[in-house]
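Reader: Hey, I'm new to this one. Can you walk me through what I'm looking at?

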Amino acid sequence: MWIEDERREAVVLAGGGRGFLPQGVFDQTRAGFSPSVNSSRSIPALLLTLCLSGWFGTWSLAGPQEQGRILYYTCTMHPSVRSPVPGKCPICGMDLVAVHAHASSTQKPEETSLPGPPTPSAEGVSDQPSPKTSPFFVPAERLQAIGVRTGVVERRHLVRELRAPAILAVDESKEVDINVKAGDGYVIKLYANYLWKEVHKGERLATILSENWVQAQMDYIRAYRAWRRSLLIQKANPILLDQQFVHIRNRIRVWDLTDEQIRELETYAWSMSTNDVRTGKGIRGTFDLLSPISGHVHEKNVIEGMRFSAGQTLFRLINLSRVWVLAQFSEDQAPFISEGQSCEVTLPALPGERFRSHIDFVQPHFTEAVRRLQARIILSNPGHKLRPGMYADATAHLDYGEQIAVRSDAVIPTGRRFVVFVDHGG
C-alpha cells in the first residue's frame with residue numbers, strides 16, 4: 001500500500017506541475033539550478049527528479065501536508081486488516097483507526113525489522129528466516145482505551161517455577177504385613193479390634209492358638225537343654241554344637257517371636273524337669289502376636305474366633321513418621337524434573353507452612369489418563385501433622401541464570417510462535 005501510494009503521487013507530480021508542491025520547496029529547488037540553464041528545460045528536469053525521488057520512496061522533500069496524509073485504516077487488535085475507507089473490523093467488529101504518513105519514514109513497511117543485535121543468519125550462521133514485521137500506528141486515546149502498558153527489556157536473573165498438584169500418601173517402605181508363617185490356627189483374643197487403631201511397638205495385637213506351636217516349643221526346649229548340657233560336659237567340638245543350636249533358634253523365629261519371648265522360653269526350658277519335658281507339662285498352646293512397629297492399623301482382615309491359614313494377612317500396619325508426596329507434573333514440565341532436585345511443598349490445610357525436601361523418585365512413564373509424570377517427595381512427619389490423603393502443591397525451581405527478559409503478559413502466543421510488540425515512540 002505504501003509503495004503503491006508513493007508511485008501514484010510521483011506520477012501526479014510529474015503530470016500536474018507546480019500546483020502539487022509547496023511554494024517554498026519549488027522555489028528552493030528551482031534556485032539550485034545554474035542561471036545559465038534555460039528555464040523551459042529546467043522545469044521538466046525538476047519534474048523528472050521529483051518523479052524518481054517518489055519512485056524510490058524518498059520522503060525527505062515531503063512537507064507538513066504529507067505528514068498528515070492517511071495511508072489506510074486498520075484494526076488495533078488485528079493489524080493485518082487494512083482498508084482504504086473507515087469502517088468496522090471484519091474479525092472483531094472494532095472501529096478501524098487511521099494510519100498516518102510520517103516524514104521520517106524512509107523504510108518500506110515490508111522491510112521493517114525489530115531493533116536489536118544481528119540475527120545468526122546475518123553473521124553467516126544458517127538459521128530459519130525471521131518473520132517479516134510491519135509497523136503500525138495506534139493513537140494515544142486508543143492506547144489508553146485498550147490499557148496498553150510498556151515495559152523495558154532488561155537482563156534479569158530468571159528462575160522458572162515448576163508447579164504441580166500433589167497428594168500425600170503412605171510411605172510404602174513403612175508398611176508391615178502381620179501373619180503367622182509357620183502354621184494354621186485360630187484367633188483366641190483380638191486386641192487390635194478396629195481399623196486405624198494406634199499401636200506401639202511390642203503391644204499385643206492378638207492371641208493365637210496353633211497346634212504346630214506346641215510341637216515347635218517342644219523341639220526348641222529339647223535342643224536348648226542339650227546345648228546347655230554340652231557346654232557343661234565340654235565336648236571336643238563345641239563350635240559345631242553352637243552352630244546346630246543357632247539353626248534351631250532360627251527355625252523358631254519363623255513364628256515372629258521377639259528376642260524377649262525367646263529368652264522367656266529358654267528360661268522356662270532350663271527350669272523344667274526331665275519328666276516335664278517328656279510329657280510336655282506346662283507347654284502353652286497359645287502365644288501372643290506382637291506389633292513389630294509403632295503405627296496404625298491400616299488394614300484388618302481378622303475377627304475374634306476366626307480360623308486362618310499359614311501366611312494369611314491378618315493385619316497391615318503403617319508407620320507415619322514419614323509420608324510420601326506424590327506430585328503430578330504436566331508433560332511440558334517433565335523434561336526439567338529429575339531425582340535429587342530440590343523442591344518445596346505447601347498444603348492448603350496448613351497455610352503459612354512450607355516443607356522443603358527433594359525429589360526422591362521420578363516415575364519412568366506417564367500416567368496415560370491425565371498425561372502427567374508422577375514424582376515422589378519424602379517428608380518427615382513429627383507429631384503426625386501430615387496425614388495421607390491431604391492435598392498439596394509441589395514447586396521445583398529451574399535456574400536459568402542471567403537472561404534478557406520481558407514480562408510474561410507482554411508475550412502473545414499464536415500457536416506456532418510467540419509475538420511481542422516494540423514501541424518505537426510516537
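Author: Let's start with strand β1 (residues 70-74), which is joined to β3 by 4 bridges, the two running antiparallel. Helices (H or I, at least four residues) and strands (E, at least two) are DSSP runs, numbered from the N terminus, and two strands pair if DSSP finds at least two bridges between them. This is a predicted model, where local features need pLDDT of at least 70 and side-chain atom pairs count only at pLDDT 80 or more, while totals for chains, interfaces and linings use all residues. Residues are numbered from 1 along each chain as its sequence is written, and side-chain values use heavy atoms, leaving out hydrogens and water.

Reader: Ok, which residue in β3 is the bridge partner of T74?

Author: That's V97.

Reader: And what order do the strands of that sheet come in?

Author: The order is β2-β1-β3, in an open sheet of 3 strands with antiparallel pairing. β2 (82-83) and β3 (97-100) are the edge strands, each pairing on one side only.

Reader: Let's go inside. Which residues touch the most other members in the largest nonpolar core?

Author: V187, I208, I252, W255, F287, F315 and L317, out of 36 residues. A nonpolar core here is a set of buried Ala, Val, Leu, Ile, Met, Phe, Trp, Tyr and Cys residues joined through side-chain atoms within 4.5 Å.

Reader: Which elements give two or more residues to it?

Author: They are β6 (185-190), β8 (204-209), α6 (211-233), α7 (238-252), α8 (259-271), β9 (286-290) and β12 (315-318). With 6 residues, α6 gives the most to this core.

Reader: Why does it lie between domain 2 and domain 3?

Author: Because domain 2 (175-209 + 285-319) and domain 3 (211-283) both give residues to this core. The domain bounds come from an automatic or database domain assignment.

Reader: What is I208 in contact with?

Author: Leaving aside neighbours within four places in sequence, I208 is in contact with V180, Y186, V187, G285, T286, F287, L289 and F308. Contact means heavy atoms within 4.5 Å.

Reader: β12 was on that list of elements. Which sheet has β12 in its order?

Author: An open sheet of 4 strands, ordered β5-β12-β10-β7 with antiparallel pairing. At its edges, β5 (175-178) and β7 (198-199) each pair on one side only. Strand β10 (residues 295-300) is joined to β12 by 4 bridges, and I318 in β12 stands opposite H296.

Reader: And how many bridges pair β4 with β17?

Author: Strand β4 (residues 154-170) and strand β17 (residues 391-405) pair over 14 bridges, in the antiparallel sense. L158 is opposite G401 in β17. Strand β14 (residues 342-347) also runs antiparallel to β17, joined by 4 bridges, with T346 having D393 as its bridge partner.

Reader: One last thing: what is the phi of D256?

Author: About 60 degrees, a positive value although D256 is not a glycine. Most residues other than glycine have a negative phi. D256 lies in the loop between α7 and α8, and it counts as partly exposed because its relative accessibility is 35%.

Technical notes
Buried means under 20% relative accessible area, exposed over 50%, partly exposed in between (1.4 Å probe, protein chains only).
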